Amino acid sequence: MTKAFPDIAKFWKNLGTVLLRMGASLITRLTAYLKRHFIDNTVDVVSPVSHLPRLAGPVLNLGGGGPDVEKAIQWMIDQVRGGTSNATKVDVVVLRTYGSDDYNHLIYGMRGVNSVRTLIISNRQEANRDDIVEKVRKAGVVFFAGGDQCQYIRSWKNTKLENAVREVYTRGGAIGGTSAGAMIHSEYIYDSCACEDSIETREILEDPYQNITFSYDFFQWGHLRGTIIDTHFDSRKRMGRIMAFIARQIQDGKAKRVLGIAISEETSVVVDKYGLIKVMGRNAAYFVLGDHPPEVCKPRTPLTYHDYKIWRVPSGETFDLRNPPNRGYYFRSVKRGRFNSDPY
């Protein structure tokens, strides 16, 4: 009997080795399966930085260009720190691909600001630098200056910088921007990459395809799903432009319905963590809904699209992105590249 004990011990040792190998193999295969079927197909899930404090957002501030709406910037700072009377202070980062640090003085003088820094990130190499990314992910507020949305997308999309901005939002921070820095936050983005100067209303209604390109899968904020943003809306008379943007998304099979968010100069649209918008500043914002296919939307042919629903929301009023109101809108159509009546 005593001779059998070493054999039994060896047996159990060998069995344990086999089970460990089987377990490792099973874990490896399970991990590969989950990665292939779940992880790789997830674009929105970002793990927040564990050692950084949770903020009271997330919120968004979308500016229409021209002079900034300072109270909208102050609003997003107050939102993420938990109110105007809260002692918490936040760090603000301004992002741009060129320009100066002129926002620093303006924002540093606002209530609840601990620090402000401007990062000029002009290429993909800089957007993947760990030291730059770390400065962004530690911020409570990230603000995108105006500029060129094509350059922003080419320099920042699918980089560590993009992920860092998402982490700020996931942690309850604020994301803001003006002009091109606002346009890049919708689900469908007019990127202006196919032309030197942005296409305007007359050109795009005559041909919704010539020199007009879009980008997708950038930040993908939850409350802005199904939207396309345009800015400088009143001064540049861009109603026809956003109508064509909407028609293109539906015609090209990107969506069955699209909400255009059109923001005038000296005006901001702020979005709270529940998806409720408030318009701030001097002018109005327009919300333009296309909820059916266009009658005619093809290259080298004027656009025809009947019955856009349009809500004009003046400064101080609200609009619920989760449940757009079933009244208060008016209809406008485009027929062979011309409005049926004044769309404003």
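Visitor: Where does Ser179 lie?
Guide: Ser179 is in the loop between strand E5 (174-178) and helix H8 (180-183). Helices (H or I, at least four residues) and strands (E, at least two) are DSSP runs, numbered from the N terminus. The model is a predicted one, in which local features need pLDDT of at least 70 and side-chain atom pairs count only at pLDDT 80 or more, while totals for chains, interfaces and linings use all residues. Residues are numbered from 1 along each chain as its sequence is written, and side-chain values use heavy atoms, with hydrogens and water left out.

Visitor: Is Ser179 buried or exposed?
Guide: Ser179 counts as buried, at 14% relative accessibility. Buried means under 20% relative accessible area, exposed over 50%, and partly exposed in between (1.4 Å probe, protein chains only).

Visitor: What does Ser179 touch?
Guide: Leaving aside residues up to four places away in sequence, Ser179 touches Gly63, Gly64, Gly65, Gly146, Thr231 and His232. Contact here means heavy atoms within 4.5 Å.

Visitor: Which feature does UniProt place at Ser179?
Guide: The unreviewed UniProt entry places the feature "active site" at Ser179, His232 and Glu265. These three are spread over 87 residues of sequence but cluster in space, with a largest C-alpha distance of 8.6 Å. UniProt positions are given in the numbering used here, feature names are shortened, and annotations may be inferred rather than shown by experiment.

Visitor: And where is Glu265, and what does it touch?
Guide: Glu265 lies in the loop between E9 and E10. At 19% relative accessibility, Glu265 counts as buried. Its contacts, not counting residues up to four places away in sequence, include His232, Phe233, Asp234 and Asn283. Gly64, Gly65 and Gly66 are also among them.

Visitor: What about Ser264?
Guide: Ser264 is placed in the loop between E9 and E10, and it is buried, with a relative accessible area of 2%. Its side chain reaches the backbone oxygen of Ala284 at 2.7 Å. That is a polar contact, a pair of N or O atoms within 3.5 Å; within protein, one must be able to donate a hydrogen and the other to accept it, and residues adjacent in sequence count only if both atoms are side-chain atoms. Beyond four places in sequence, Ser264 touches Gly64, Phe233, Asp234, Asn283 and Ala284.

Visitor: Changing topic: how many salt bridges are there?
Guide: The count comes to 16 salt bridges, each being a side-chain nitrogen of Lys or Arg within 4 Å of a carboxyl oxygen of Asp or Glu. Among the residues involved, Glu200, Asp230, Arg238 and Arg241 are linked in a network.

Visitor: Which residue pairs with Asp78?
Guide: Asp78 forms a salt bridge with Arg111, at 2.5 Å from N to O. The pair links distant parts of the chain, 33 residues apart: Asp78 is in helix H2 (residues 70-81), and Arg111 is in the loop between helix H3 (102-108) and strand E3 (113-120). Asp78 is buried at 7% relative accessibility, whereas Arg111 is partly exposed at 39%.

Visitor: Which pair lies in helix H5?
Guide: Glu134 and Arg137 both lie in H5 (residues 130-137), three residues apart, about one turn of the helix. Their side chains meet in a salt bridge of 3.0 Å, N to O. An α-helix has 3.6 residues a turn, so residues three or four places apart point the same way. Glu134 is partly exposed at 24% relative accessibility, and Arg137 is partly exposed at 22%.

Visitor: How covered is helix H6?
Guide: H6 (residues 149-156) is mostly covered, with six of its eight residues buried. Those residues are Gln149, Cys150, Tyr152, Ile153, Ser155 and Trp156.

Visitor: What caps its N-terminal end?
Guide: Asp148 caps that end of H6, with a side-chain oxygen 2.9 Å from the backbone nitrogen of Cys150. Just after H6, Asn158 takes a positive phi of about 60°.

Visitor: Lastly, what is the mean pLDDT?
Guide: The mean pLDDT of the protein is 88, and 85% of its residues reach 70 or more. pLDDT is the predictor's confidence in each residue, from 0 to 100.
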